[in-house]
Amino acid sequence: MTTAVLPGHVSPFVVHFDDLDAMGIVHNARYAVFLERALSQWWSERGHSYAGGRPTTSDVMHAVAEYSISYRTPVRGTGEIGVHFWVETLGETSAVYRFRILSADGLTVHAEGRRVNVKLDPRTLRPAPWSEDALAHASGLLAHASASAPIAEEVA
């Protein structure tokens, strides 16, 4: 057995009763919400958020250009899970995130996917470059960045 180092960040997350569908599993639309909340918290901790109804930096002004989720095994019931995300590619005006929704122990992948964000100029709503600060933080999430906070995973 070897240990693989994965890029990115894992946010612990709690599934609540209102996240479930009539079968007692997480409703498919909630997976996108879980990622949104994990990303928002991560960026907020680095100074990129909304305060008083206003963005704290221009980098908060972005739009999702693409989203895909593949569901692997249902999350059954309430309790703890993990939201693992990293940046696959980082462009001047865009970022491609990859993500996985994991069991609390990290052994089960419930869903995985891809999300593309494009930073927008707040006046024109056209693509605009990320700030140096945002680029520096996002670079730490890059799949090939050895400086990112690695996640260890057992591989058989």
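**Exercise 1. Find the largest nonpolar core and the residues with the most contacts inside it.**

Step 1. The largest nonpolar core of this predicted model has 27 residues. A nonpolar core is a set of buried Ala, Val, Leu, Ile, Met, Phe, Trp, Tyr and Cys residues joined through side-chain atoms within 4.5 Å. Buried means under 20% relative accessible area (1.4 Å probe, protein chains only).

Step 2. Phe 34, Val 83, Phe 85 and Ile 101 have the most contacts inside this core.

Step 3. At least two core residues come from each of strand 2 (9-15), helix 1 (30-44), strand 6 (79-90), strand 7 (94-103) and helix 2 (132-139). Helix 1 gives the largest share, 7 residues. Helices (H or I, at least four residues) and strands (E, at least two) are DSSP runs, numbered from the N terminus.

A note on the model: residues are numbered from 1 along each chain as its sequence is written. Local features need pLDDT of at least 70, side-chain atom pairs count only at pLDDT 80 or more, totals for chains, interfaces and linings use all residues, and side-chain values use heavy atoms, without hydrogens and water.

**Exercise 2. List what Phe 34 touches.**

Step 1. Leave out residues up to four places away in sequence. Contact means heavy atoms within 4.5 Å.

Step 2. Phe 34 then touches Phe 13, Val 15, Asp 19, Val 26, Ile 81, Val 83 and Ile 101.

**Exercise 3. Decide which element has the lowest mean pLDDT.**

Step 1. pLDDT is the predictor's confidence in each residue, from 0 to 100. The protein chain averages 90.

Step 2. Over residues 146-156, pLDDT stays under 50. Where pLDDT is low, predicted coordinates should not be read in detail.

Conventions. Buried means under 20% relative accessible area, exposed over 50%, partly exposed in between (1.4 Å probe, protein chains only).
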